[in-house]
Amino acid sequence: MAQEAAEWPPEETLSLWKREQAQLKARVVDRDTEAWQRDPAFSGLRRVGGVDMSFVKGDSVRACASLVVLSYPELEVVYEESRMVSLTAPYVSGFLAFREVPFLLELVQQLREKEPGLMPQVLLVDGNGVLHHRGFGVACHLGVLTDLPCVGVAKKLLQVDGLENNALHKEKIRLLQTRGDSFPLLGDSGTVLGMALRSHDRSTRPLYISVGHKMSLEAAVRLTCCCCRFRIPEPVRQADICSREHIRKSLGLPRPPTPRSPTQRPVACPRGDSGESSALC
């Protein structure tokens, strides 16, 4: 039975959320902080995490939070945890973190306590980082609270600071010819808020990559591309699969038919500074 949504937060709550965002934003680090991030082949990177929230259809309260950790560069799942949660805040544009981050943070903290050897060295987040109304999206929020490098990976363009999904933007997308091609998302403020990335040769729809925490935009784009077997980077894709499957099992729903897909082969990552393919992805 569907449950009723949480009430729209009063103005006092929205003001508190804005203040908290501003305070935490001051702690965001938008540069590379680990040696592996500056290496063309990401040498030293062994574990990449992904987080996702899936929602019960027709129910605005029940959801599933998921965290997965994959080996790198093999991109094999080495850890996964999903749990059903009850949302306490409604969706409010610009405040997604207050709806989702508490549950994702719990999953990261649980892993840190139970199996610290499997902690990811970076998290890919299904959402935006500094590409946000106030420059502090869900990837920044989770990154600051976990103190982990985080990357925002969004499927749609958040139209802020003059960014628009207009004819000019669509023409730039059309010019992304091959996997790894990208262009900067330059706001009216003169700030580069992220990059539009063609992540797979068989998909013309870009991803919108932005800095979350403790990683440069250039490294974030390279890493995202190296994690893509399909359009969506594997850590986020696997987190989504796990959360949906957990909902199905929890609610006793039938298993959906398995879609037929072509055989996947490893693809060389875009060339690094050395001019050699940097990894398999």
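**View 1. Helices α3 and α4 pack against each other in this predicted model.** Ala97, Phe98, Val101, Leu104, Leu105, Val108 and Arg112 in α3 meet Val138, His141, Leu142, Leu145 and Thr146 in α4, where contact means heavy atoms within 4.5 Å. By class, this contact has 9 nonpolar, 2 polar and 1 charged residues, with Ala, Val, Leu, Ile, Met, Phe, Trp, Tyr, Cys and Pro counted as nonpolar, Asp, Glu, Lys and Arg as charged, and the others, Gly among them, as polar. Helices here are DSSP runs (H or I, at least four residues), as are strands (E, at least two), and both are numbered from the N terminus. Residues are numbered from 1 along each chain as its sequence is written. Local features need pLDDT of at least 70, side-chain atom pairs count only at pLDDT 80 or more, totals for chains, interfaces and linings use all residues, and side-chain values use heavy atoms, with hydrogens and water left out.

**View 2. Glu106 lies in helix α3 (residues 97–114).** With a relative accessible area of 39%, Glu106 is partly exposed, which means that its value falls between buried (under 20%) and exposed (over 50%), for a 1.4 Å probe and protein chains only. Although Glu106 and Leu67 are 39 residues apart in sequence, they are 9.9 Å apart in space, C-alpha to C-alpha.

**View 3. Helix α6 (residues 217–226) is largely enclosed by the rest of the structure, because 9 of its 10 residues are buried.** Its buried residues, including Leu217 and Cys226, pack against α2, β4, β5, β7 and β8.

**View 4. Ser199 sits in the loop between β7 and β8.** Ser199 counts as buried, at 1% relative accessibility. Leaving aside neighbours within four places in sequence, Ser199 is in contact with Arg179, Leu207, Cys225, Cys228, Phe230 and Arg231.

Technical notes: Axes fitted to C-alpha atoms, helices over the stretch in contact; angles between N-to-C directions.
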